[in-house]
Amino acid sequence: MSKIITDDCFKSFIDNHVGTTDISHIGGGTITSAIDSLNTSKQDILEMPLACVNHRINNWNDIDRPGWYSGINAENYPNGEVNWVSAIVIAADGNNDYLAVIAIAHSTGRLYTRNSYVQDDVHKWSNWSLIGGQ
């Protein structure tokens, strides 16, 4: 015994299980091509470029995400560096709860690093460590 699937039955099944949103502008308009197009165009968080987050930071403990930072005479600056300091901040495996900072003091050329982890929704920062320069 065979069953006949009517157009109305098929349309109802598609509407209920696939949806009614027009995707003709994504990929080739089919579900498969739309998924492929979206997967190809998405950017992995680990491949995202670093952008300037704050070029006049007032407190180095306020860093909360990856990016470029810069500041002059900011609070919690690296050991005795009171002039311009610029830094790159990297998240461990794309997780902003674990940040690493690499900073350079412009006037001395010294290179510093520090890291943080989140505890009770607040970043806890390590002390600055001198890793290069004199």
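Predicted model: local features only at pLDDT ≥ 70, side-chain atom pairs only at ≥ 80, totals over all residues.
Residues are numbered from 1 along each chain as its sequence is written, and side-chain values use heavy atoms, with hydrogens and water left out.

**Aromatic pairs**

- Searching the whole structure gives 2 aromatic pairs; rings of Phe, Tyr and Trp (its six-membered ring) pair if their centres lie within 6.5 Å, and planes under 30 degrees apart count as stacked, over 60 as edge-to-face and the rest as tilted.
- The pair of Trp60 and Trp128 is edge-to-face, because the ring centres are 6.2 Å apart and the planes stand at 85°.
- Trp60 sits in the loop between strand E1 (52-54) and strand E2 (67-72), and Trp128 in the loop between strand E6 (122-125) and strand E7 (129-132), so this pair ties together parts that are 68 residues apart in sequence. Strands (E, at least two residues) are DSSP runs, numbered from the N terminus.
- Trp60 is buried at a relative accessible area of 1%, and Trp128 is buried at 9%; buried means under 20% relative accessible area, exposed over 50%, and partly exposed in between (1.4 Å probe, protein chains only).
- Tyr112 and Trp128 also make an edge-to-face pair, with 6.4 Å from centre to centre and 80° between the planes.
- That pair links distant parts of the chain, 16 residues apart, with Tyr112 in strand E5 (residues 111-119) and Trp128 in the loop between E6 and E7.
- Tyr112 is buried too, with a relative accessible area of 2%.

**Nonpolar core**

- The largest nonpolar core has 16 residues, of which Trp60, Ile63 and Val101 touch the most other members. Such a core is a set of buried Ala, Val, Leu, Ile, Met, Phe, Trp, Tyr and Cys residues joined through side-chain atoms within 4.5 Å.
- Strands E3 and E4 each supply at least two residues of this core.
- Apart from neighbours within four places in sequence, Ile63 is in contact (heavy atoms within 4.5 Å) with Ile57, Tyr69, Val89, Leu99, Val101, His123 and Trp125.

**Around Ser86**

- Ser86 belongs to strand E3, and its C-alpha is 5.5 Å from that of Ala103, 17 residues away in sequence.
- With neighbours within four places set aside, the contacts of Ser86 are Tyr69, Ser70, Ile102, Ala103, Ile104 and His106.

**Loop residues with positive phi**

- Asp93 is not a glycine, yet has a positive phi of about 55°; this residue lies in the loop between strand E3 (84-92) and strand E4 (95-105).
- Asp93 is exposed, with a relative accessible area of 67%.
- Asp121, also a residue other than glycine, has a positive phi near 65° and is placed in the loop between E5 and E6.
- Asp121 counts as exposed at 79% relative accessibility.

Note on methods. Helix = DSSP H or I, 4+ residues; strand = E, 2+ residues; numbered from the N terminus.
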